[in-house]
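Open your viewer and get ready to click along with this tour. Each stop tells you what to select next and what you will find there.

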Amino acid sequence: MEDVKVAFKILKDGEDVPVDYQFINCHMIFDVKMEDCRRKARLVAGGHMTDPPAAATYASVVSRESVRLALTIAALNDLDILAADVKNAYLNAPIKERVYTVCGPEFGQENMGKTAIIVRALYGLKSAGAAFRNHLALCMTGLGYTSCLADPDVWMRPKVRADGFKFYEYVLI
């Protein structure tokens, strides 16, 4: 819950929810990872309770062919490959949905029963994937990357080595 707090704006006593916001439930999902028996928990929004968004909710991923090409290029040029995972990825993205919930016991004794506006993309919201994809695209553009025409989840930017050699950096998402 410590990681998820950024997704909520807890209203002060006497503060009302804006008129155009829709109520949804949130609930905890518990899991045990089979590979190492780690116990995991995730707070999930009840997105099934919301009206369908007008915009697309789809979040694409890099194609298998693009990954194969990138790995081939790296192998032929003896390049290192780096991989990363974004912890609680969706929580980085602001949402356009106007939703709120009532805090349960998982929010702590001091917040239980208070109203909270959801301001970040929580798992379970219909537009969470697309919100994260759009947020990530803005970040990549800000870093000087452009999206590939053939696969929008391949990002590239031109670079120059110290010896003057020109090349492209690629990020596959």
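## First stop: helix α2

The residues of α2 that are buried (under 20% relative accessible area, with exposed meaning over 50% and partly exposed in between, using a 1.4 Å probe and protein chains only) pack against β5 (94–102), β8 and β9 (166–172). Packing here rests on contact, which means heavy atoms within 4.5 Å. Helices (H or I, at least four residues) and strands (E, at least two) are DSSP runs, numbered from the N terminus.

Before you click further, note that this is a predicted model, in which local features need pLDDT of at least 70, side-chain atom pairs count only at pLDDT 80 or more, and totals for chains, interfaces and linings use all residues. Residues are numbered from 1 along each chain as its sequence is written, and side-chain values use heavy atoms, with hydrogens and water left out.

Now select residues 128–142, which make up helix α2. Its 15 residues should span 21 Å at 1.5 Å a residue, and the end C-alpha atoms are 21 Å apart, which agrees; the expected span is 1.5 Å times one less than the number of residues. To see the buried side of the story, colour Ala-128, Gly-129, Ala-130, Ala-131, Phe-132, Arg-133, Ala-137 and Met-140. Then step just past the helix to Gly-144, which takes a positive phi of about 90°.

Select Asp-153, in the loop between β7 (146–147) and β8 (154–160). Is Asp-153 buried or exposed? Asp-153 counts as buried because its relative accessibility is 2%.

Show its surroundings next: leaving out residues up to four places away in sequence, Asp-153 touches Ser-60, Val-61, Val-62, Arg-133, Ser-147, Val-171, Leu-172 and Ile-173.

Which residue forms a salt bridge with Asp-153? The partner is Arg-133, with the closest N and O atoms 3.1 Å apart. A salt bridge is a side-chain nitrogen of Lys or Arg within 4 Å of a carboxyl oxygen of Asp or Glu. This pair links distant parts of the chain, with Asp-153 in the loop between β7 and β8 and Arg-133 in helix α2, 20 residues apart. Arg-133 also counts as buried, at 18% relative accessibility.

Select Lys-9 and Glu-15: they form a salt bridge whose closest N and O atoms are 3.8 Å apart. Lys-9 is partly exposed at 43% relative accessibility, and Glu-15 is partly exposed at 35%.

Move on to Arg-38 and Glu-35, another salt bridge, with closest N and O atoms 3.8 Å apart. Glu-35 is exposed, with a relative accessible area of 63%, while Arg-38 is partly exposed at 39%.

Select Glu-169, found in strand β9. Glu-169 is partly exposed, with a relative accessible area of 23%. Setting aside neighbours within four places in sequence, Glu-169 is in contact with Tyr-145, Trp-155, Met-156, Arg-157 and Lys-159.

Where do its polar contacts lead? Such a contact is a pair of N or O atoms within 3.5 Å; within protein, one must be able to donate a hydrogen and the other to accept it, and residues adjacent in sequence count only if both atoms are side-chain atoms. The side chain of Glu-169 meets the side chain of Arg-157 in a polar contact of 2.6 Å, and another of 3.3 Å joins the side chains of Glu-169 and Tyr-145. Glu-169 and Tyr-145 are 24 residues apart in sequence, and their C-alpha atoms are 8.6 Å apart in space.

## Last stop: two loop residues

Select Asp-78, in the loop between α1 (64–76) and β5. Asp-78 has a positive phi of about 50°, although it is not a glycine, and it counts as exposed at 72% relative accessibility.

Finish with Asn-88, which is also found in the loop between α1 and β5. Asn-88 has a positive phi of about 50° without being a glycine, and it is partly exposed, with a relative accessible area of 26%.
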